Amino acid sequence: MHIENETWFWPLVLVFLGWTVLALFTFWRDKRDLEWLGHHRFLLAPQWVWTRRIVKGSLLLAGFFLLFLGASRLQGKPVPEDLNLRGSDVMVVLDLSKSMLTQDIVPDRLDAAKKAVLAWLQSGEGNRVGVVVFAGEAMVQVPLTFDLEAVSLVLEKDDVDVIEKGGTDIGKGIQTALASFPKDEQTKRGKAILLLTDGETTDGASNVTQACLMAQEQKIPILAVGMGTRQGRPIPAGVSFWGEPVYKKDPSGNVHVSHLDEGTLQKMADMTEGVFIHGDTGEELASIRGALNKLEQSEMKGKGGMRRKELAPSLSLGAAAVILLSALI
């Protein structure tokens with residue numbers, strides 16, 4: 001159960017409690033008066049009259065209680081909702097490698113990327129969106145769904161500890177996203193991969209060019225969002241015993257500075273007829289929405305959304321029936 005109208009819930013609780021106290025006082029007063037009338041022979045059956053008033057008053061109070069629940073918009077359990085929306089299919093591919101903690105973008109690359117996607121999701125109704133995260137390996141966090149609220153909840157909690165294997169395997173992330181698109185849907189619905197990464201790959205990573213050729217063959221463009229700056233900054237690795245920041249070092253013992261690999265991301269966008277977007281400012285990140293809106297859209301039905309069953313109509317009918325019954329007694 002869920003109360004939708006929480007603003008009025010507590011005022012209505014206070015009103016109902018006031019009615020309850022008044023009803024109890026009225027029952028006590030009526031019983032006292034009826035006992036006095038019966039004692040003086042002014043009333044033949046005071047106990048029957050008091051019982052009738054108890055039943056009548058209880059029914060009336062129950063009717064007000066049902067009205068109170070209806071006014072508070074009491075809702076039942078979530079149920080699947082049929083959808084008929086126009087939009088595109090977008091797989092968000094998010095880099096969760098340690099380099100995304102670099103603070104050359106405020107507050108850091110990962111948080112900036114997540115905020116940009118969350119902002120787009122707020123106005124992305126009609127799209128099916130899925131999430132793939134990667135570092136040294138990749139996994140599907142959310143399959144394609146119309147439930148953008150669920151996608152947002154997952155993205156908000158993402159951090160660099162989600163993927164156990166370290167490194168940056170962009171090719172694996174793209175391949176995992178491509179495999180997540182339905183293969184049996186014969187529609188003209190636009191498809192795209194929204195890739196958010198700094199572009200740096202590590203040794204042993206999958207072939208990025210091969211992954212882009214696969215996307216090219218499937219006619220799925222890659223919107224590559226470069227998270228970082230050309231100047232770059234060291235990658236945070238915690239704090240020392242004295243509270244001083246510690247940065248990641250290369251095998252030679254020197255502090256490693258992470259830079260945006262603009263060339264790789266631009267090549268990926270060009271190969272797949274996608275778009276490369278600089279992600280170093282809020283204005284640039286806001287352009288993600290415009291780029292995604294250019295995708296081919298189509299109508300699609302589904303049960304991707306969830307809604308709670310409204311109980312107010314049933315409660316109102318119940319309240320009317322109970323109040324009518326109390327009037328007939």
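The legends below describe close-up views of a predicted model. Local features need pLDDT of at least 70 and side-chain atom pairs count only at pLDDT 80 or more, while totals for chains, interfaces and linings use all residues. Residues are numbered from 1 along each chain as its sequence is written, and side-chain values use heavy atoms, with hydrogens and water left out.

**View 1. The open sheet of 6 strands.** The strand order is β5-β4-β3-β6-β7-β12, and the pairing is mixed. Strands (E, at least two residues) and helices (H or I, at least four) are DSSP runs numbered from the N terminus; two strands pair if DSSP finds at least two bridges between them. At the edges are β5 (138–145) and β12 (275–278), each pairing on one side only. Neighbouring strands are turned by 15° against each other on average, direction ignored. Axes are lines fitted to C-alpha atoms, for helices over the stretch in contact, and angles run from 0 to 180 degrees between N-to-C directions.

**View 2. Strands β7 and β12.** Strand β7 (residues 222–226) pairs with β12 in the parallel sense over 4 bridges. A224 has F276 of β12 as its bridge partner.

**View 3. Helix α3 on the sheet.** Helix α3 (residues 109–121) touches β3 (89–95), β4 (128–134) and β6 (191–197), where contact means heavy atoms within 4.5 Å. The directions of α3 and β3 make an angle of about 165°.

**View 4. The salt bridge between K98 and D161.** The whole structure has 5 salt bridges, each a side-chain nitrogen of Lys or Arg within 4 Å of a carboxyl oxygen of Asp or Glu. In this one, N and O are 3.7 Å apart. K98 is in the loop between β3 and α3, and D161, 63 residues away, is in the loop between α4 (148–157) and α5 (170–180). K98 is partly exposed at 43% relative accessibility, whereas D161 is exposed at 57%. Buried means under 20% relative accessible area, exposed over 50%, and partly exposed in between (1.4 Å probe, protein chains only).

**View 5. The salt bridge between D198 and R109.** The closest N and O atoms are 3.0 Å apart. D198 is in the loop between β6 and α6 (208–217), and R109 is in helix α3, 89 residues apart. Both D198 and R109 are buried.

**View 6. The salt bridge between E262 and R230.** The N to O distance is 2.9 Å. E262 belongs to helix α7, and R230 to the loop between β7 and β8 (233–234). E262 is partly exposed, at 22%; R230 is exposed, at 53%.
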